[in-house]
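Please look through the model shown below with its aromatic rings in mind.

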Amino acid sequence: MAIRTAALESAWDRIREHYGSYRLVLPGEPSFICQPHECDAYCCRAFNVALGEGEAERLRESTGLPASRFLESEDGEPIALPLVTPFVLGRREGHCVFLDAELACEQYEARPDACRSYPHQVVFVDAASGRPAQPSGEAGRRAVEAVVEGRAVDGALPLLLRHDQCPGFTGPPSTAEGWAALLRETYARSVGGTGEVVSSPP
């Protein structure tokens with residue numbers, strides 16, 4: 001597997017100023033292994049989490065609560081934005097509604113997809129303009145497959161990023177195969193796919 005890391009680095013150089021707390025993830029770098037005893041739950045305090053109808057239903061079934069108890073709501077009704085992921089997970093006292101006193105997630109098994117992907121995300125860069133891009137789901141999948149197969153990408157190039165505030169990047173260096181699996185799963189989850197990466201494969 002000959003991943004064209006130079007192309008990924010070049011694309012990242014063109015947008016990195018827009019992603020100040022993120023860095024590009026390439027094969028060979030330390031893999032992610034959750035470190036709960038080192039974690040201060042930064043992600044649960046700093047981010048608002050968007051979620052779709054399926055994720056909201058998963059949480060409703062898990063908690064047994066009406067959605068208005070764990071989603072941002074107004075007058076007892078969840079606020080639905082005109083987006084693919086229309087809901088926002090509720091917050092209380094400056095953190096996620098499900099963060100407990102021990103900094104653990106009360107609904108870990110049912111948590112939203114964004115939480116399952118964290119500390120990773122996939123962004124796209126237009127190859128011609130060097131600007132952030134948002135390809136269709138199918139175009140994104142084709143681009144991801146081209147990257148993991150070592151082929152040139154026309155159009156938007158997918159970049160796997162990690163959030164710098166997470167202390168979990170302490171694992172062994174990732175292999176090309178492990179990195180490719182992580183890129184695929186992170187992207188699939190961002191467009192409503194399945195899969196879960198608790199720790200990135202080495």
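**Aromatic rings and their surroundings**

Tyr-42, Phe-47 and Tyr-118 are joined into a cluster by ring pairs. Rings of Phe, Tyr and Trp (its six-membered ring) pair if their centres lie within 6.5 Å; planes under 30 degrees apart count as stacked, over 60 as edge-to-face and the rest as tilted. The model is predicted: local features need pLDDT of at least 70 and side-chain atom pairs count only at pLDDT 80 or more, while totals for chains, interfaces and linings use all residues. Residues are numbered from 1 along each chain as its sequence is written, and side-chain values use heavy atoms, with hydrogens and water left out.

The count by the ring rule is six aromatic pairs. In one of them, the ring centres of Tyr-42 and Phe-47 are 6.1 Å apart and the planes stand at 90 degrees, so the pair is edge-to-face. Tyr-42 has 27% relative accessibility and therefore counts as partly exposed; Phe-47, at 28%, also counts as partly exposed. Here buried means under 20% relative accessible area, exposed over 50%, and partly exposed in between (1.4 Å probe, protein chains only).

Phe-124 and Tyr-187 form an edge-to-face pair as well, with 5.6 Å centre to centre and 75 degrees between the planes. This pair links distant parts of the chain, since Phe-124 is in strand β8 and Tyr-187 in helix α6, 63 residues apart. Both Phe-124 and Tyr-187 are buried. Helices (H or I, at least four residues) and strands (E, at least two) are DSSP runs, numbered from the N terminus.

Which strand holds His-163? His-163 lies in β10, and its relative accessibility of 1% is why it counts as buried. Leaving out residues up to four places away in sequence, His-163 touches Ser-21, Tyr-22, Tyr-42, Phe-47, Tyr-118, Pro-119 and Phe-169, where contact means heavy atoms within 4.5 Å.

Phe-169 also has the charged end of Arg-162 over its ring, 4.1 Å from the centre. Arg-111 lies over the face of Tyr-108, 3.7 Å from the ring centre. A charge sits over a ring if NZ of Lys or CZ of Arg is within 6 Å of the ring centre and within 35 degrees of the ring normal.

In helix α1 (residues 5–15), the buried residues are Leu-8, Ala-11, Trp-12 and Ile-15. They cover an arc of only 100 degrees around the axis, which puts them on the same side of α1; the arc is that of the directions from the helix axis to the C-beta atoms. The elements they pack against include β8, β10 and α6.
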